[in-house]
Amino acid sequence: ISGGKSISEPFDTAWALVKAPLDFDSIRDMGDVEDKDIDYRVLEADFIDPESDERLRAKARMSDDGYGFGRIYDNDYPDEARAFAIMSSTGQPKMTYPYSIGTTNYYQGRGYQEAIFQLLADLLDRKGMKYWEPSSGMKTGDGHMFARRMHEKHGDDEKMQRVVTDDSNPQ
């Protein structure tokens, strides 16, 4: 193939897009947990790093008012997160949006953010909440890029049906 690309590159790219690093069979509902007088609903699951095959703990929590987080923890440093997403309230009932996301540089491009997105989307479904698409005003400034990647990967997939993208976004 011209341009130095191998015949298998399109297949490898397609496979990387459909391989989900979150082990959906491992999702555990931890119930409600109180932290600083706020009740959060908590889910935990296993994330499988596609390069190292490590099984890492992924955790998502969400309050009824739309504040929460998702994290994937490092096995060697259990209090350290390799990736995170902080969710903030839109000010409307049952609505939340990503305020800030990040992945440690070394682990970028391995599906950490997608796994957090999937776990948070599952948690929001269980709570009957909606997930606003990130905006460019997101703290980390990469909200549109993240949303675009998720739309490119999932298109009309049911995961994206959880994301509200209309012009009434209150951000």
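**Figure 1. Aromatic pairs in the predicted model.** In this predicted model, the count of aromatic pairs comes to three. In one of them, the ring centres of Tyr106 and Tyr107 lie 5.0 Å apart and the ring planes meet at 90 degrees, so this pair is edge-to-face. A second pair joins Tyr107 to Tyr112, with 5.7 Å from centre to centre and 45 degrees between the planes, an arrangement classed as tilted. Ring pairs connect Phe47, Tyr106, Tyr107 and Tyr112 into a cluster.

Figure 2. Tyr106, Tyr107 and Tyr112 belong to the cluster linked by ring pairs, together with Phe47. Tyr106 has a relative accessibility of 61% and therefore counts as exposed. Tyr107 has a relative accessible area of 14%, and because buried means under 20%, Tyr107 is buried. Tyr112 is also buried, with a relative accessible area of 1%.

**Figure 3. Helix α2 and the glycine that follows.** Helix α2 covers residues 112-127, which makes 16 residues. From its first C-alpha to its last, the helix reaches 23 Å, close to the 22 Å expected at 1.5 Å a residue. An α-helix has 3.6 residues a turn, so residues three or four places apart point the same way. How much of helix α2 is covered? The helix is mostly covered, since 14 of its 16 residues are buried. Just after α2 comes Gly128, with a positive phi of about 70 degrees.

Figure 4. Asp37, another residue other than glycine, has a positive phi near 65 degrees. With a relative accessibility of 73%, Lys36 counts as exposed. Asp37 has a relative accessible area of 71% and is likewise exposed.

Key:
Residues are numbered from 1 along each chain as its sequence is written. This is a predicted model: local features need pLDDT of at least 70, side-chain atom pairs count only at pLDDT 80 or more; totals for chains, interfaces and linings use all residues. Side-chain values use heavy atoms; hydrogens and water are left out. Helices (H or I, at least four residues) and strands (E, at least two) are DSSP runs, numbered from the N terminus. The expected span of a helix is 1.5 Å times one less than its number of residues. Buried means under 20% relative accessible area, exposed over 50%, partly exposed in between (1.4 Å probe, protein chains only). Rings of Phe, Tyr and Trp (its six-membered ring) pair if their centres lie within 6.5 Å; planes under 30 degrees apart count as stacked, over 60 as edge-to-face and the rest as tilted.
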